[in-house]
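Biologist: Can you walk me through this model? I'd like to start with the strands.

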Amino acid sequence: MISAVLETLRELMKEQYFRKMLNQKEGKNPLLMDYDELQEFAENNNLLFLFKTEEEKFKKMMKNMNYAMSYLISLEGDVSFILEKLYSNSKNSFLVGGSVRDILLGKTPKDFDFVTDLSYDKLKEIFCSKEFSFKETGKQFLVFNLNFRGVDYEIANFRKDGTYTDGRRPDSVQIGTIEDDMARRDFSINAMYWNFDGIIATKQSINDIQNKVLRFIGKPEDRIAEDALRVIRFYRILKSKELTPDEKSLRAVRTHFEKAMTVSPHRMMMEIERICL
């Protein structure tokens, strides 16, 4: 799993490392150190106080985020019930995407999606009772479509996308890791995962949620090439969630705006309606 705390501390040490270790023949880059090595480095170079201060600050921020998630999900009885069933079968089961983003931004989620490492057959077994119904229309994309009390939910596997040739969806999808799943998502604030053990996210995602910044994951041009509708989605989320655009991301959607014109009228209409209605 990606540790946002460790990621933060490693970056904090980079400047100090090169300042103190540049003239020494032997030394280890903090980006290659594990947690214990990083702490030892901080202690040996009189940086332990700074290390602990940043660590505590970040842990407090994460604790506040986890509390907000726990409290809001406790009010969503059906969502909590589904997550509990998934989690009891695999702790690698999470709420993901827009619901996590919205709760942490102080917004009310409109829907809830889940991701898990449980197999499709196992999901059918778990939700094989009269209170649930499901469709297999998303099976080729590793998505289990569940209906509970008249509400639709998506439960997906961690996915790794193949190439994109139609500018809409991947040519192939295969089961991946949580890191693969993070990398395939559109915006950093949509690549956040939560279950009863807490939040899993990169430092960039945590910072962007805190600072209310909308940023493409990786190279903006690559994300737009994968699905040109992300140009319109960028503006929709920017407005509806009251965010500030990342400069590189904004420049990319402006530069490649014409690609959005290649999207089917129906998909474009749906995005525009979500902006206006």
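**Strand pairing and other features**

Modeller: Strand E1 (residues 93-96) and strand E2 (residues 113-116) run antiparallel and are joined by four bridges. Two strands pair if DSSP finds at least two bridges between them. Helices (H or I, at least four residues) and strands (E, at least two) are DSSP runs, numbered from the N terminus.

Biologist: What are the ground rules here?

Modeller: This is a predicted model, where local features need pLDDT of at least 70, side-chain atom pairs count only at pLDDT 80 or more, and totals for chains, interfaces and linings use all residues. Residues are numbered from 1 along each chain as its sequence is written, and side-chain values use heavy atoms, with hydrogens and water left out.

Biologist: Which residue in E2 stands opposite Ser93?

Modeller: Thr116. E1 is also joined to strand E8 (residues 193-195) by two bridges, again antiparallel, and there Leu95 stands opposite Trp194.

Biologist: Which way do the residues of E1 point, and are they buried or exposed?

Modeller: Ser93 and Leu95 point one way, Phe94 and Val96 the other, and all are buried. Buried means under 20% relative accessible area, exposed over 50%, partly exposed in between (1.4 Å probe, protein chains only).

Biologist: How many helices and strands are in the chain?

Modeller: Twelve helices and eleven strands. Of the 277 residues, 48% count as buried.

Biologist: Switching to helix H2. Which residues are buried there?

Modeller: In H2 (residues 35-44), they are Leu38, Phe41 and Ala42. They sit on the same side of H2 because they cover an arc of only 100 degrees around the axis; the arc is that of the directions from the helix axis to the C-beta atoms. An α-helix has 3.6 residues a turn, so residues three or four places apart point the same way.

Biologist: And what does the face turned away carry?

Modeller: The exposed residues Asp36, Glu43 and Asn44.

Biologist: What does Arg159 touch?

Modeller: Leaving out residues up to four places away in sequence, its contacts (heavy atoms within 4.5 Å) include Phe141, Val173, Asp180, Asp181 and Arg184. Arg159 and Asp180 are 21 residues apart in sequence and 6.4 Å apart in space, C-alpha to C-alpha.

Biologist: Last one, Leu75: buried or exposed?

Modeller: Exposed, because its relative accessible area is 54%. Leu75 lies in helix H3 (residues 48-75).
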